[in-house]
Amino acid sequence: MDSDKIDKDELEPDGKKMAARAAINAIAGAIPFVGGLISAGAGYWSEKEQEEVTNVLRQWLQMLEDELREKGRTIAEIIARIDMQDEKIKERIESPEYQSLMKKAFRNWSSVDTEYKRQRIRNILANAAAAKTTSDDVVRLFIDWINLYSDFHFEVIGEIYRNPGVTRGGIWDNLQRPDVREDSAEADLFKMLVRDLSTGGVIRQVRQTDYAGNFLRKPAGRSRPGHAPRTAKSAFDEIEPYELTDLGKQFVHYAMTEIVAKIEFKEFASDG
């Protein structure tokens, strides 16, 4: 019995070593640069350290596989939404200009950290393939906005699109956000978010224009002596209305308008 136990204990480390080496060799074969790293570290790392490195590399490879799967899914959904029988669309998606948009969208894929953003990228690329109502330079800007802004930003954009002239307080209430203090982190975040979209050219306060589309100056507001407000403007102001800029409206058309899929398909998972 004791001899059997000793034999088993002696074999276990060797088994683990063999499994670790097999995993390392598999990863090294999959990615040449990783193979070079592992070869260089073979005489430097202990068996335990090699096993830890293997586990880290395996996790990172899984992350890359998941990212590649998301990209493939997005491309499939784009193809399912455009008319491949239309010669103009086929010319468009095969053009260097459209390929450049695709590369830009997928180059910074790590910034697409939510399913909502993934769908917005898909919509932009599908709409850019199906119709050209704006320049590719503007479409590139829309892709940048997906990386730059958060889901909360897009919620605000959608609310202003649905209710032109809505105030900041109206936006907050319509999004069913809880009441918070003016000096709270939530209020600061909301003010920053509105400022981001305003300086980014997505939204603006409603302003009067002349017949040529020129914005008119606002009349200077004056307070009667002794009647000046004692508090600063609220983060949830109920007076000044907001609207989307024309650029913001185009963004909604490209990123938040979904083309109905012309064909249905299912994602097949590999048994391996």
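Predicted model: local features only at pLDDT ≥ 70, side-chain atom pairs only at ≥ 80, totals over all residues.
Met84 is found in the loop between helix 3, residues 47-81, and helix 4. Together with Ile75 and Ile79, Met84 makes a nonpolar surface patch of about 220 Å².

Gly248 gives a view of the interior. This glycine has a relative accessible area of 0%, so Gly248 is buried, the limit for that word being under 20%. Its place is in helix 11, which covers residues 246-255. Leaving aside residues up to four places away in sequence, Gly248 touches Gly201 and Val202. Another residue to look for from here is Tyr161: Gly248 and Tyr161 are 87 residues apart along the chain, and their C-alpha atoms are separated by 8.7 Å.

The charged side chains come next. Side chains of opposite charge can pair when their charged atoms come close. A search of the whole structure finds 18 salt bridges. One of them joins the side chains of Arg92 and Asp136, with 2.7 Å from N to O. This pair links distant parts of the chain, since Arg92 lies in helix 4 (residues 87-94) and Asp136 lies in helix 7 (residues 136-148), 44 residues apart. Both Arg92 and Asp136 are buried.

The salt bridge between Asp183 and Arg181 has an N to O distance of 2.8 Å. Here both partners, Asp183 and Arg181, are exposed.

A further salt bridge is formed by Asp188 and Lys191, whose closest N and O atoms are 3.8 Å apart. That distance still counts because the limit for a salt bridge is within 4 Å. How are Asp188 and Lys191 placed in helix 10? They are three residues apart in this helix, which runs over residues 185-199, and so they are separated by about one helical turn. Asp188 counts as partly exposed because its relative accessibility is 39%. Lys191 also counts as partly exposed, in this case because its relative accessibility is 30%.

Which residues are linked in a network of salt bridges? The network is made of Arg73, Glu77, Arg81, Glu115, Arg118, Arg122 and Glu258.

Methods: Residues numbered from 1 in each chain as written. Heavy atoms only, no water. Helix = DSSP H or I, 4+ residues; strand = E, 2+ residues; numbered from the N terminus. Buried < 20%, exposed > 50% of the residue type's maximum accessible area, 1.4 Å probe, protein only. Contact = heavy atoms within 4.5 Å. Patch = residues over 30% accessible without salt bridge, like charges linked within 9 Å, V, L, I, M, F, W, Y side chains within 5 Å. Areas by Shrake-Rupley, 256 points an atom, 1.4 Å probe, with all protein chains shown as cover.
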